[in-house]
Amino acid sequence: MSERPFSYRRGEQVVPPPARRTSEVTVMRFDGIYEVDPRLMRQVPQQPFPNWDTLRIAHGREDHLAWMHRHFARAVISGERILAEIAASDEG
Amino acid sequence: MSTLAARSLADEVLHELREVVGDEHLLVDKPARMHRARVPAPFPVHRWARHVPDAVVLPGSTEEVAAVIRVANRFGVPVVPRCGGTGLTDGAVPLRHGILLDVKRLQFIGEIDTESGTCVVGAGVSMLKLNEVLGRHGLFYPDDPASYPCSLIGGRIGTSGWSLIGSRYGHTRDLVLSFLHVLPTGEVVRIGEGGGPRISKSSSGYQMKQLFMGHQGTLGVATEATLKLYPKPEAEFSPFWAFEDYDTAWRTVRALAQADVATFAGAVLFDEQKVAYLRRDDEAYIPQPENLRALVCSALYGNEDEVTVGARRLMRIARSFGARYLGDEISQGDWAARHDRYATPLHGRTTAGQVVPMSWHCEDAAINWSQLPAVREQWHRIVADLRARSDVFDDWGMFAYTSARTGVDYLTEIDVGIWEQELDDERWAMWVDAKREIARVAIGHGGSISACHGSCREGEVDVVPEELGGAYEVMRTIKRSLDPGNIMNPGKYGLDGVYEEDLR
């Protein structure tokens, strides 16, 4: 992504960062966003996405999930906190 | 009255329908009809034309629905009700063409009675939109299917829906107190517990509510419902735990369900094939270690202090079985995604590993806990045989969801990816045969063909008389009595047979 805020360079957007292998069937170009290995996309080629759109879709999904939690309950209890409380209780 | 429909409606029928709903709400153009021919479940796309209705009507009131059905009776034209069109057993798919009655205009939210904790809504309202409004009053309608944002109240009644958090709040049958219902002959009646619209338990008269729920449109159309509301939960807890083998996860899910935690809303068991599928294609599971071979998740809803106490108890139980907590990010993210499975773009793999577009289908059954391993083994064998014969099919693994708080039985599903564009008569026949086999396995293990979706699709519908025995004859008698013209959704559940006997 551009380091210059409020600027748009098409050349920067249509060339994704280099892929690194994350499993036998996936690669990763952006942190936290897995993509199917292009070798497995011969029958249905991946359509080109500008970088900003890939990030928008991923962030939009995160927003949606956060919204869904708020929709169903006012607060979400952390399992990590519960585990820590149990550990403290067992030690005590 | 004929059980057959003309391929196109006579001008006289169209004229009368136009008189009822107005020109704007009578649709005869091809896209409007084609789009209402199928549901999201795998569909024989090579036979699309067989399922296209002749006309679509969008009535705006109960009176208009009743008038449409009376017109249909006068001319002997089939009527297929449709709400969100998200059902997975083809209830909204026309088998005899005719009039497609789309209730989406019945989308009003009426009285919200905060004193009794009820509200009145039209059949075309979605749970998501309803809860946005109820949330302003601190209230909540907890009917939570995988199609939560897009399925509609009327469809939940017509299919007697199953809810993901039903172990806490009950399912659609428990949450709908009463509803206005248009009978197959066009009369309007209130169906509920006795006569009062807001009564949750009555012993007056026959108990008819369940009869008029889950009939897949064969016994009429619900147009307006009175719903039971709950306070909006203060807190949610949704842990996901990893296991190294299925058997331990299977024993854990029972222990969680039987822990008698008051805020327990459900638990889900993911089998080894499901984990393999997720590890292939789901960002949460791709990085997980190879020794993760089964998963269990649970959900609690309620007051924060009560949820916290329950959370500690469930966490201790899971740990006693050797479970590994997957962390807050996966647990919270995956649970939130379960309310909205229909938004997930789907693809499967050929046996060579190539990505192909596939639609998702889940065959579901109601199975008791002790039978889950045996059913799982046999179902996977059936789907493996399909996949060995054709790349059109892909095994996406199995889930088992608690249907009730005690874990007495489980909505058990095997998810199958189907490459619809490649379907032809031969492959469709393979699929339909497999569905019969899957249904027979469920019955053979003392279960029911479906806990959730219904059982009127091609394939499993042939097995319904085997499952119900003498009760299937009662079903035929009821259909014949309430719908003498076989107007409502003809062909579903094999009920045409009773009319053919009349003709003979």
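The contact takes 34 residues from chain B and 28 residues from chain A, where two residues are in contact if their C-beta atoms, placed from the backbone, lie within 7 Å. This is a predicted model: local features need pLDDT of at least 70, side-chain atom pairs count only at pLDDT 80 or more, and totals for chains, interfaces and linings use all residues. Residues are numbered from 1 along each chain as its sequence is written, while chains are lettered from A and ligands numbered from 1 in the order in which they are written.

On the side of chain B that touches chain A, two or more residues come from each of strand S12 (235–237), helix H10 (304–320), helix H11 (328–337) and strand S18 (355–357) of chain B. Helices (H or I, at least four residues) and strands (E, at least two) are DSSP runs, numbered from the N terminus. H10(B) gives the largest share of that side, seven residues.

S12(B) also runs parallel to strand S4 (residues 75–76) of chain A, joined by two bridges; strands pair if DSSP finds at least two bridges between them. Val76(A) has Glu236(B) as its bridge partner in S12(B).

Let us turn to chain B itself. The axes of helix H1 (residues 11–21) and helix H3 (residues 62–75) of chain B come within 9 Å and cross at roughly 170°. Axes are lines fitted to C-alpha atoms, for helices over the stretch in contact, and angles run from 0 to 180 degrees between N-to-C directions.
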